[in-house]
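Let's go through some of the labels used for this model and ask what stands behind each one.

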Amino acid sequence: RLAKRNQLSAMSDPMTGLLNRRGLQSVHRGLLGEEDAVILFDLDHFKQINDRYGHPVGDEVIRAFANVVRQHGRSADHKARLGGEEFALVMDGVAAQQARAIAERIASAFSALRMHSEQGEPFFCTVSGGIAFGAKDGSNIEDVMARADTALYAAKREGRNRVEAERPANVPDLRLVG
């Protein structure tokens, strides 16, 4: 029993109770198909929160986001804190529109939370998200996470507090150059 408890402890994040990166990889060793999605989230300007309000408040912000993910993600989804202020949601059997709706619902619910400093000063925090999907012939989780990370950085570049999905390979980029 102790060995099992230690194994579970090694796969979960002690601050949030979510899976950690190792735990997420252990539950998702197989391929992700086209009806599977990975959403990566990153809290916006989190360093400024820690610098302004202190690390204990930053920890509360992290726990608050984990609770939002628990409340608004599907029960079957695998929820993880990858480290720092980065989180992942791995969804099996989800349509692209549903994955985006869930990601946006999580981002919206989190940005609406009123948090407080230790002195009672209210503040808000936002989150950016990136979504990627498995392939018809399957993709490993690391490949899909890398593509979700690219979409996440697009959300950051576009102004933060938003969700971006990867552009499917068969859709041309219609932005004009020059």
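This is a predicted model: local features need pLDDT of at least 70, side-chain atom pairs count only at pLDDT 80 or more; totals for chains, interfaces and linings use all residues.

Q: Why is N50 called buried?
A: Buried means under 20% relative accessible area. N50 has a relative accessible area of 13%, so this residue of helix 3 counts as buried.

Q: What is N50 in contact with, once its neighbours within four places in sequence are left aside?
A: Those contacts are H55 and G58. Contact here stands for heavy atoms within 4.5 Å.

Q: Why are strand 2 and strand 4 said to pair?
A: Two strands pair if DSSP finds at least two bridges between them. Strand 2 (residues 37-43) and strand 4 (residues 86-91) have six bridges, in the antiparallel sense, so they pass that cut-off. One of the links joins F41 to its bridge partner F87 in strand 4.

Q: How do you know that strand 3 and strand 4 pair as well?
A: They share five bridges, again in the antiparallel sense, and at least two are needed, so the label holds. Here F87 in strand 4 is the bridge partner of R81. Strand 3 and strand 4 also form a hairpin with two residues between them, and G84 in the turn has a positive phi of about 50°.

Q: What makes strand 3 and strand 9 edge strands?
A: The sheet is open, with five strands in the order 3-4-2-7-9 and mixed pairing. Strand 3 (78-83) and strand 9 (163-165) each pair on one side only. Neighbouring strands of this sheet are turned by 20° against each other on average, direction ignored.

Q: Which helix lies across strand 2, strand 4, strand 7 and strand 9?
A: That is helix 5 (residues 96-112), which runs at about 165° to strand 7 (127-133).

Technical notes. Residues are numbered from 1 along each chain as its sequence is written. Side-chain values use heavy atoms; hydrogens and water are left out. Helices (H or I, at least four residues) and strands (E, at least two) are DSSP runs, numbered from the N terminus. Axes are lines fitted to C-alpha atoms, for helices over the stretch in contact, and angles run from 0 to 180 degrees between N-to-C directions. Buried means under 20% relative accessible area, exposed over 50%, partly exposed in between (1.4 Å probe, protein chains only).
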